Amino acid sequence: MTARTGEARTGEARTGDTLSGGWLIRGARPLGGAATDLLLRDGIIAAVGPEAAAAAPRGTRVHDATGLIALPGLVDLHTHLREPGREDAETVDTGTQAAALGGYTAVFAMANTDPVADTAGVVEQVWRLGQAAGHCAVHPVGAVTAGLSGTRLAELGAMATSAARVRVFSDDGHCVADPLLMRRALEYVKAFDGVIAQHAEEPRLTEGAQMHEGAVSARLGLPGWPAAAEEAIIARDALLAGQVGSRLHVCHVSTAGSVDIIRWAKARGWRISAEVTPHHLLLTDDLAESYDPVYKVNPPLRTAEDVEALRAGLADGTIDCVATDHAPHAAQDKETEWDAARPGMLGLQTALSIVISTMVEADRLDWAGVADRMSLSPAWIGGLAPAVAAGPAVATGPGVPTGPGLPTGPGVPTDPAAALGPGRPADLLLLDATERWTVEPDRLASRGRNTPYAGMTLPGVVRATFMRGRPTALDGKIQ
Amino acid sequence: MRHLLSAASLSRVDALLVLDTAQRMADMTGRTAARTVRKLPTLRGRTVVNLFYEDSTRTRTSFELAAKRLSADVINFSAKGSSVAKGESLKDTALTLEAMGADAVVCRHPSSGAPHRLSGWVRGSVVNAGDGTHEHPTQALLDAFTIRQRLGRVEGLAVTIVGDVLHSRVARSNVWLLSTLGARVTVVAPPTLVPAGIDCWPVDVSYDIDAVLGKSDVVMMLRVQRERMNAAFFPTEREYTRRYGLDADRLAAMPPDSIVMHPGPMIRGMEIASDVADSPRSTIVDQVTNGVSVRMAVLYLLLGGAE
């Protein structure tokens, strides 16, 4: 079925002022529930249900969403927008277009740009570029260490108090390997309720590593990236975070052992959150047999057993959220020998479809679960949700299901349905879950073309994305 | 067969075809051939490019000689002194060779899988002449040829491969080819030089060379680079030699008809003692001779065999 953007319900459509004019979404099914109407006005969800139409003033536009599922706008904690520095691979503009088309209303832009986002100046630049593009909110991630060098702290406080209001800090691409520096970083960001997002990779154990260490790497003669190199850092950091009572976020968890360690750490009540990428939920290391670096990513694709553990961890909340690790690359950085290629793959426009394919269609997450793992949890981890009382974690004790594993203080929308309730920000997407689409790299919005899903037919088509009441993407077109 | 990228992908039938063809090549152009002109006109007018990104005089020369004995035009395109040194990508180099009409590209490359990538970019045949730590299929074919020549068969033989299996493309190719041909393969190495995931290979693994020598028909020694000890793969050269080197005492423990092989270049005194390398049981020089015949067979089958 096709959603259509209707003419003005009454009077003339007002051009250029859709925010105050508002939108009436008709017949949408919030979180897959009963069909209802939503009135978006002044950037918020002004009314839901039968009264929505009645409350719509003249000039309100109507969007027919009959049969479509409404989800809160997706939030990506892990996006590489490449600007400044590698505008041939992606820009803030093109990357956020991909985000909007994929159903995202907010992305966290990783710090490994050139120059590195390790000063207030660079994070403010990225933040302003995001505002200027207007396709989705761009929240810069600050580097933990100056120049991603791993040797001394960047000015974390300056970035936190800048216009970009940075709360997530990461050297992603590199591990903060020095244990003392990691401890200090975890402690230091407590002053502004920041979180350190760790790229967990013991560097000595992965020197020259090209793919998951196992049967396939042995046969292909590609140096292996052992699971222990990830798990050792996660275990160490969990212990540090527990020791100093700080917040730790684990980027792109990729192994079954990592899931076990995070489950153990959360059971102790430590403030740890974790993400998994769509590609680690679907793809496995045997794809490297083609030697096509489109499958080269860091951490690498792992085994079917790891994929299963990641899906189980995401389902039971051990892994809090899905983050894309969207990593565009220019053609010349992928059309090479395997070991000469840069690691990473596109993710923003395919993430929701991969989650539907691996989790929803397998009955491991319902739509409320998708909303939690792709919108509410990442928003909370990134500090976007309404103010949360600072202070120590709510200890849940071993054996108690911890859900997303984070304190459920005031303002954390524990009920995903509330995310689409009256008064909430009008950040949402409309999804045709029954439709399937085929991934064509040339038709993606990103400058890079490095999607591992080329030619695959995936479930779920995003029909519309609204950010603060304004459509950013409608029927596959940027607004 | 369009390309020869790995021994793992060779069927038993194809492998035997290469070995039988190589025998014909040896009969026609080898040292003992009746002909006085040791050259065949088979590939006249065809162009073979040796694309070598690593220095390897012995392999390149062997391929060059093989192509010339088949009357092909041979171009040596080495990484040094070409546009490659200026940073041209493998893909652009491939497109250049393609535009020049190369019928076959023989590729030696430090990156595992590079010939595989190349085969997607050129229309001609690609022969893997050694890629990173992946494979070196013509080496395994010439080793199988040499085993057959010396012992009459490969099937049913016990072959022991000793040394740096982790980093060895020769070991990988031999493991797959020799097991395809019915040999029972055992690899012997310090545990640090055995790849994780070897349990999926069709081999037995031992850390004790003395436990397997007595039941080995073939012992294949691999080169061990001295630099490996700096990365803590083993403590010292002396300890490696003591635990895994093949000396006269160990040779004496092998069955009387067994043979000793080495792909070269060897480090005398490290993995193999000089008197072992030079003994009549050593096939090291035969391997070099047979390499030309085997590479002739490969080029012939890829470029001309169908006609």
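Two residues are in contact if their C-beta atoms, placed from the backbone, lie within 7 Å. By that rule, the contact between the chains takes 18 residues from chain A and 22 residues from chain B. This is a predicted model: local features need pLDDT of at least 70, side-chain atom pairs count only at pLDDT 80 or more, and totals for chains, interfaces and linings use all residues. Residues are numbered from 1 along each chain as its sequence is written, and chains are lettered from A and ligands numbered from 1 in the order in which they are written.

**Side of chain B that touches chain A**
- H4(B) gives the largest share, three residues.
- These residues divide into five charged (Asp, Glu, Lys and Arg), seven nonpolar (Ala, Val, Leu, Ile, Met, Phe, Trp, Tyr, Cys and Pro) and 10 polar (the others, Gly among them).

**Confidence in chain A**
- Residues 1-19 of chain A have a pLDDT below 50.
- Residues 387-413 of chain A stay under 50.

**Strand S11 of chain A**
- Strands here are DSSP runs (E, at least two residues), numbered from the N terminus.
- S11(A), residues 195-198, is covered on both faces.
- A:Val195 and A:Ala197 are buried on one side, A:Ile196 and A:Gln198 on the other (buried: 20 or more other C-beta atoms within 10 Å of the residue's own, placed from the backbone).
- S11(A) pairs (at least two DSSP bridges) with S10(A) in the parallel sense, over two bridges.
- Three bridges join S11(A) to S14(A), also parallel.
- A:Ile196 is the bridge partner of A:Phe169, and A:Ile196 also stands opposite A:Leu248 in S14(A).

Notes: pLDDT = per-residue confidence, 0-100. Buried ≥ 20, exposed ≤ 12 C-beta atoms within 10 Å, placed from the backbone. Helix = DSSP H or I, 4+ residues; strand = E, 2+ residues; numbered from the N terminus.
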